[in-house]
Amino acid sequence: MTSQRFADILLICFQGIPLPVRKALFTGIFRLFYHLVPRQRLIAAYNLRRAFPEKSDDEILRIVRGVYQNMGIMAAEFFDIPLLTKENVGEMV
């Protein structure tokens, strides 16, 4: 199986999952990543601390969690990109 064929199959499979379910799935995956890979979480918190020294640690961590949640949502929506047309782009954006 070629990598293109595998990608096509993967795309079709994920497009078959309703968007709300995909969002929950990918948000959960990124939440796991947040907890299981502390190095990336610490890098994000460090960078935010340098960019926003006035923010509390709790606020910084809330922003980092929000970033991971947003990445999960973007990953879920990625599979709908091939379905975008001039007519439906306003509904999806």
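Predicted model: local features only at pLDDT ≥ 70, side-chain atom pairs only at ≥ 80, totals over all residues.

Mentor: Residues are numbered from 1 along each chain as its sequence is written, and side-chain values use heavy atoms, with hydrogens and water left out.

Trainee: Is R22 buried or exposed?

Mentor: Buried means under 20% relative accessible area, exposed over 50%, and partly exposed in between (1.4 Å probe, protein chains only). R22 is buried, its relative accessible area being 2%.

Trainee: Which residue forms a salt bridge with R22?

Mentor: A salt bridge is a side-chain nitrogen of Lys or Arg within 4 Å of a carboxyl oxygen of Asp or Glu. The partner lies in the loop between α4 and α5 (89–92) and R22 in helix α2, so the pair ties together parts that are 58 residues apart in sequence. Helices are DSSP runs (H or I, at least four residues), numbered from the N terminus. With the closest N and O atoms 3.1 Å apart, the partner of R22 is D80.

Trainee: Within what arc do the buried residues of α3 fall?

Mentor: In α3, R41, A45 and L48 are buried. Seen down the axis of α3, the buried residues line one face of the helix. The arc is taken from the directions from the helix axis to the C-beta atoms, and its value is 65°.

Definitions and conventions. Helix = DSSP H or I, 4+ residues; strand = E, 2+ residues; numbered from the N terminus.
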